[in-house]
Amino acid sequence: AQLRVLGGDLWLTAMSGGEALLDGTLGANAVAGGAIAIVDASLLRNGSSGPTPAGRIVIRGGRLDVVDAQIVSRNAAVAAAGEISVGVAGSVNLDNAAVVSIAAGSGRGADVRIEAQDVLVQRVAAVQSQALAGGAGGNVLIDARGSVEVLARIDDPGYTSVYSFAQGAGKGGDVRIRGDYV
């Protein structure tokens, strides 16, 4: 499934009692619940390709699982990319998933902010800010009240990572990881 937003904010919210699910077969369902699952080649994406900034991607709930899926904010021109903001009461599990900000134009890349009790990044998952052209990359913040674990195994076919980089004239963003156990 693919959920794209051009120009406005995307809010995916789950309240106590049920779940919100975006997967490759069911589409988007947001109902009262605590768990949010973005799975099976799903893509949440926003972007800007002109002078109008992209909206934000905002995810709120009790728990977030992103498995075999992507959350992407990208700019391709002068406008800024929209922030990716995840705030959940419980855990965030990124498993073979990407939460990525891409500055592909002269506008600033999006900040990526993940706030939770615990954060697990595993199995070739990535939390990244990329500056590919003249625009500055966004910042990456992972803030856990409990633990932050980035698990890279020797048998991973790629890299499990949390980083920011610049490939063009733009500057990469800051990376901050906080938790009681990192």
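Arg176 is partly exposed at 45% relative accessibility, where partly exposed means between the limits for buried (under 20% relative accessible area) and exposed (over 50%), with a 1.4 Å probe and protein chains only. The model is predicted, so local features need pLDDT of at least 70 and side-chain atom pairs count only at pLDDT 80 or more, while totals for chains, interfaces and linings use all residues. Residues are numbered from 1 along each chain as its sequence is written, and side-chain values use heavy atoms, with hydrogens and water left out.

The side chain of Arg176 meets that of Asp174 in a salt bridge, with 3.8 Å from N to O. A salt bridge here is a side-chain nitrogen of Lys or Arg within 4 Å of a carboxyl oxygen of Asp or Glu. Asp174 is partly exposed as well, with a relative accessible area of 35%. The structure holds seven salt bridges.

Another of these salt bridges joins Asp143 and Arg178, at 3.3 Å from N to O. Asp143 lies in strand S16 (residues 140–144) and Arg178 in strand S19 (residues 175–178), so this pair ties together parts that are 35 residues apart in sequence. Strands are DSSP runs of E with at least two residues, helices are runs of H or I with at least four, and both are numbered from the N terminus. Asp143 counts as partly exposed at 23% relative accessibility, and Arg178 is partly exposed at 43%.

Val175, Ile177 and Val182 make a nonpolar surface patch of about 230 Å². Patches are made of residues with over 30% relative accessible area and no salt bridge; like charges are joined within 9 Å, and nonpolar side chains (Val, Leu, Ile, Met, Phe, Trp, Tyr) within 5 Å. The areas come from the Shrake-Rupley method with a 1.4 Å probe, and for residues only the protein chains shown count as cover. Val182 lies in the segment after S19 and is exposed, with a relative accessible area of 61%.

Asp95 pairs with Arg123, and their closest N and O atoms are 2.5 Å apart. This pair links distant parts of the chain: Asp95 is in strand S11 (residues 91–95), and Arg123 is in the loop between strand S14 (118–122) and strand S15 (126–131), 28 residues away. Asp95 is buried, at 13% relative accessible area, whereas Arg123 is partly exposed at 34%. Asp68 joins Asp95 and Arg123 in a network of salt bridges. Leaving out residues up to four places away in sequence, Asp95 touches Val66, Val67, Asp68, Gln122, Arg123 and Ala125; contact means heavy atoms within 4.5 Å.

Six of the six residues of S15 are buried, so the strand is largely enclosed by the rest of the structure. In a regular strand the side chains alternate between the two faces of the sheet. Both faces of S15 are covered, with Ala126, Gln128 and Gln130 buried on one side and Val127, Ser129 and Ala131 buried on the other.

S15 also has strand partners. Strand S12 (residues 98–103) runs parallel to S15 and is joined to it by six bridges; two strands pair if DSSP finds at least two bridges between them. Ala98 has Ala126 as its bridge partner in S15. Strand S18 (residues 161–166) likewise pairs with S15 in the parallel sense, over six bridges, and the partner of Ser129 in S18 is Ser164.

Ser85 is another buried residue, at 5% relative accessibility, and its place is in strand S10 (residues 84–88). The side chains of Ser85 and Arg60 are joined by a polar contact of 3.0 Å. A polar contact is a pair of N or O atoms within 3.5 Å; within protein, one must be able to donate a hydrogen and the other to accept it, and residues adjacent in sequence count only if both atoms are side-chain atoms. Not counting residues up to four places away in sequence, Ser85 touches Ile57, Val58, Ile59, Arg60 and Arg113.

For the protein chain as a whole, the secondary structure comes to zero helices and 19 strands. Buried residues make up 49% of its 182 residues. Among contacts between residues at least 6 apart in sequence, 74% join residues at least 24 apart. The protein chain exposes about 8,100 Å², and carbon and sulfur atoms supply 51% of that area.
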